[in-house]
Amino acid sequence: MTTKQITIDNADEQSKNLYETAFPKDEQIPWDDLMRLVKEMPLDFTAYYDGKEFIGFTIVYPRKSFNWFWYFAVREELRDKGYGQQMLTQLIEQYEGQSCVLDMESTTQVCENIVQRKRRREFYLRNGFRDTNVYRNYNDITMTIMMRGPGSFTLKDWDKMVDELKRFWWSEP
């Protein structure tokens with residue numbers, strides 16, 4: 001598996017289409033805003049390929065206290081083929097010894113996609129993440145924070161990270 005750093009100058013339709021279809025609309029920020037954040041912030045936007053075939057992407061917000069695995073997506077027709085595992089393994093190796101967090105739809109919420117949520121949670125647990133028991137609500141979705149590496153994570157940590165993003169997002173382009 002090979003990788004390519006995505007920048008505002010080389011972002012392509014494959015990445016954009018996957019971003020817009022892999023995540024619920026209310027969990028996305030507009031693509032143009034995301035590209036501005038990629039340009040202005042220290043975001044690690046990486047595309048993954050098997051040969052020349054686009055597999056998926058990750059977006060990590062590297063921070064001093066912990067790295068936020070913000071977006072993680074594999075093309076739908078390539079899921080359950082081990083690509084997600086390969087991508088996550090590369091990320092884990094890249095951030096070895098550092099604290100990493102991610103948020104995912106909680107398995108404690110009654111919903112239509114509970115089986116998918118449970119599979120996703122088990123995937124992260126198998127890969128060394130632990131449930132922090134920190135939850136946040138985003139619109140009507142309860143999100144849980146998973147963490148890998150040393151330290152702990154609190155809602156105060158979450159608020160601080162979101163405030164940093166808001167400063168970039170709401171600043172004038």
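Trainee: Where is serine 99 found?
Mentor: Quick caveat: this is a predicted model, where local features need pLDDT of at least 70, side-chain atom pairs count only at pLDDT 80 or more, and totals for chains, interfaces and linings use all residues. Residues are numbered from 1 along each chain as its sequence is written, and side-chain values use heavy atoms, with hydrogens and water left out. Helices (H or I, at least four residues) and strands (E, at least two) are DSSP runs, numbered from the N terminus. On that basis, serine 99 sits in the loop between α3 (83–94) and β5 (100–105).

Trainee: Is serine 99 buried or exposed?
Mentor: Buried means under 20% relative accessible area, exposed over 50%, and partly exposed in between (1.4 Å probe, protein chains only). With a relative accessible area of 8%, serine 99 is buried.

Trainee: Which backbone oxygen does the side chain of serine 99 reach?
Mentor: Look for a polar contact (a pair of N or O atoms within 3.5 Å; within protein, one must be able to donate a hydrogen and the other to accept it, and residues adjacent in sequence count only if both atoms are side-chain atoms). The distance is 2.3 Å, and the oxygen belongs to proline 150.

Trainee: In what order do the seven strands of the open sheet run?
Mentor: Two strands pair if DSSP finds at least two bridges between them. The pairing here is mixed, and the order is β1-β2-β3-β4-β5-β7-β6.

Trainee: Which strands stand at the edges?
Mentor: Each edge strand has a single partner, so one side of it is left without a neighbour in the sheet. The two are β1 (2–5) and β6 (130–138).

Trainee: How many bridges join β6 to β7?
Mentor: These strands run antiparallel, with β7 covering residues 141–148. The number joining β6 to β7 is six.

Trainee: Which residue meets arginine 63 in a salt bridge?
Mentor: A salt bridge is a side-chain nitrogen of Lys or Arg within 4 Å of a carboxyl oxygen of Asp or Glu. For arginine 63 the N to O distance is 2.7 Å, and the partner is glutamate 164.

Trainee: How many residues apart in sequence are the parts that this pair ties together?
Mentor: Arginine 63 lies in the loop between β3 and β4, while glutamate 164 is in helix α5 (residues 155–169). Arginine 63 is buried at 12% relative accessibility, and glutamate 164 is buried too, at 14%. The separation in sequence is 101 residues.
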